[in-house]
Amino acid sequence: MFPEFSREQQKLNLEIQQFFEKLKEKTDTSIFGIGMVADNDAQTTFIKLRNPVIETPEHRIVILGTVYAVSLLECKKAVQSRYTTPGVNRFPKIVEDMLRTGGSSELGRIGRIDDEVMRAIRTEVRTLQRIYVGGEKSERIAFLTSVDPILSISEYAIDGRHTSGVPLKSQLIPLIIKAERAEMAFTSTAGMKVSDLRVEQRGVIDLIGPKFEIKGVQDNIIITKSVGRERIGDFITIIAIINLGIGAVLSLLRRGRFLEISLPLLFSAAVLLWLRYFSEWGKEYFAPSEIGIEGEAPMEMRFIGELA
Amino acid sequence: MKQKIEQIKEKFRGSPEAVLQDIKEFKSRAIEISAEKMIVNISGREMPVEGHVLYSENNKNPNPVEITVTDGLVFQSKKDPRILVIPEGIVEISAKKEIPEQGALYRKKGEIPIVPVVRDPDLTEIDGRTFRQTGTLQVKIVNATIILSD
């Protein structure tokens, strides 16, 4: 089982307590909006951090510059939703296949897509593959230098050792982040306490010197899939064409009962072709496989920080 | 390189007029920052370094030093565009160097390289203290003049 950060958590708890004690002392509301504490169930899809220090049970990672913390599921969703194909959108399926198999053969089948877009999607998925570790995708957080397009961090100090050129892979939660500054949009059903004892349920905040404890990731992403019965559709088309051909030849012979035999063949061909290409049911049933994505995968956290 | 910077300084003394500049990324072989107050964070070093004059250059790496103003307003001298003035802000100094094998591999595949770079300015001096092959430098400055040299 993943180890806990007992000492770090205790320290954070103590700081939260001290912060509230400080607030009680300053009952005068003239110090309006000095700080914000979330000790319950705050959620956000991404946090923009400046100069963060990430404490995991195993490592201490120091990064210089602006960094985005995003759940891996959100990261994958971002790539899947960023591009579309004309007609039926097959990009989510392509991203899924590329992540699973590592191949990009599907991309070649979409001839009409701009070459630049194909290059970009390939690069983004490769980046995602670098930070995507094994099957524990839902319980990991990625730290990125850019969200659009996705770029992984390649310069950081891990346990005091400077690393450059090697991408920082995603981190297992729970973890604690300290940063010089942070910006994020949050939601909280229980509400968050501001220093003048107001309670906010959602908003966008800019914090100075915040500390976050990322506790988990909520997987609220709903994926709707259509199975993709293209091959069955192709088979029906071939049968219909064969029936049509035989029926046409027999009807042209004009001998004996050939014309009578040809009629059911021609009729069945017409029905099959109508079902496959012209009926609403056929268009939907034999449509190419696709994935539709809805919802979000926000990070669950506790944090303490002073409002900027 | 340092002589060149001195020459630029001399030239600038006659015309301190500067205009607000939207561009926040610059490239140069060497850079000198003189500031009233300066705190330098070096990637990989826990403790920041304080000083007043910073000089950084790439003498081995063929790529130029990259300067990005991440926070603060940038004023550029009207007479010499190589002189920048920043009242207060944060500047990042980096020198990107491609890892040859990985770069070639990505170019062959026709892809945009993802992270085949290391970042290390070859030489940095902060108030006479020399640092070699450091990571990215993040410099917090107050009332600073930046001189870029070719």
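This is a predicted model: local features need pLDDT of at least 70, side-chain atom pairs count only at pLDDT 80 or more; totals for chains, interfaces and linings use all residues.
User: Why is the pair of A:Phe212 and A:Phe303 called tilted?

Analyst: Rings of Phe, Tyr and Trp (its six-membered ring) pair if their centres lie within 6.5 Å; planes under 30 degrees apart count as stacked, over 60 as edge-to-face and the rest as tilted. The centres of A:Phe212 and A:Phe303 are 5.7 Å apart and the planes meet at 45°, so the pair is tilted. A:Phe212 sits in strand β13 (residues 199–217) of chain A and A:Phe303 in strand β16 (residues 299–307) of chain A, 91 residues apart. Strands (E, at least two residues) and helices (H or I, at least four) are DSSP runs, numbered from the N terminus.

User: What makes A:Tyr68 buried?

Analyst: Buried means under 20% relative accessible area, exposed over 50%, and partly exposed in between (1.4 Å probe, protein chains only). A:Tyr68 has a relative accessible area of 18%, so A:Tyr68 is buried. At 36%, A:Phe46 counts as partly exposed. Both A:Phe212 and A:Phe303 are buried.

User: How do you know that α2(A) is roughly antiparallel to α5(A)?

Analyst: Helix α2 (residues 72–82) of chain A and helix α5 (residues 115–131) of chain A pack at about 170°, with axes 11 Å apart. Axes are lines fitted to C-alpha atoms, for helices over the stretch in contact, and angles run from 0 to 180 degrees between N-to-C directions. Angles under 35 degrees count as roughly parallel, over 145 as roughly antiparallel, 65 to 115 as roughly perpendicular and the rest as oblique. That is why α2(A) is called roughly antiparallel to α5(A).

User: Which residues of α2(A) and α5(A) meet?

Analyst: Contact means heavy atoms within 4.5 Å. Among those meeting are A:Leu72 and A:Val79 in α2(A), with A:Ile121 and A:Leu128 in α5(A).

User: What places A:Arg276 over the face of A:Tyr277?

Analyst: A charge sits over a ring if NZ of Lys or CZ of Arg is within 6 Å of the ring centre and within 35 degrees of the ring normal. A:Arg276 lies at 4.6 Å from the ring centre of A:Tyr277, over its face.

Methods: Residues are numbered from 1 along each chain as its sequence is written. Chains are lettered from A and ligands numbered from 1 in the order in which they are written. Side-chain values use heavy atoms; hydrogens and water are left out.
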